[in-house]
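Take a look at the chain below. Then read the short report that follows.

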Amino acid sequence: MSKTLRDLKPGEKGVVLNLGKKGPVRKRLMDMGITPGVDVEVVKVAPLGDPIEVNLRGYELSLRKDEAEHINLK
């Protein structure tokens, strides 16, 4: 079973393996810098679990849970 960005807890890190979603969502994620091989770290998760704040490429990015579940990690 593949691990996704949504599965990580605050402080955990991973490396993007691929983006599972096709189409405009995939393009949007790639435009934000989420590409295969990038290191990501979950900084914090909102109290109700949505959104998730991650650090990648030296900046902070907030993602919805449904977006994060399409980001597969090594």
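## About the model

This is a predicted model, where local features need pLDDT of at least 70, side-chain atom pairs count only at pLDDT 80 or more, and totals for chains, interfaces and linings use all residues. Residues are numbered from 1 along each chain as its sequence is written, and side-chain values use heavy atoms, leaving out hydrogens and water.

## Helices and strands

The protein has two helices and six strands. These are DSSP runs, numbered from the N terminus: helices are H or I with at least four residues, strands are E with at least two. Along the sequence the pattern reads β-β-α-β-β-β-α-β.

The UniProt annotation "domain: Ferrous iron transporter FeoA-like" covers residues 3-74. It comes from an unreviewed entry, and such annotations may be inferred rather than shown by experiment.

## Size and packing

The radius of gyration, taken over C-alpha atoms, is compared with a globule rule: 2.2 Å times the number of residues to the power 0.38. With 74 residues, a compact globule would be near 11 Å, and the protein agrees because it has 11 Å. The C-alpha atoms fill a box of roughly 30 × 30 × 20 Å along the principal axes.

Of the 74 residues, 35% are buried (under 20% relative accessible area, 1.4 Å probe, protein chains only). Take contacts (heavy atoms within 4.5 Å) between residues at least 6 apart in sequence: 56% join residues at least 24 apart.

Definitions and conventions. Buried < 20%, exposed > 50% of the residue type's maximum accessible area, 1.4 Å probe, protein only.
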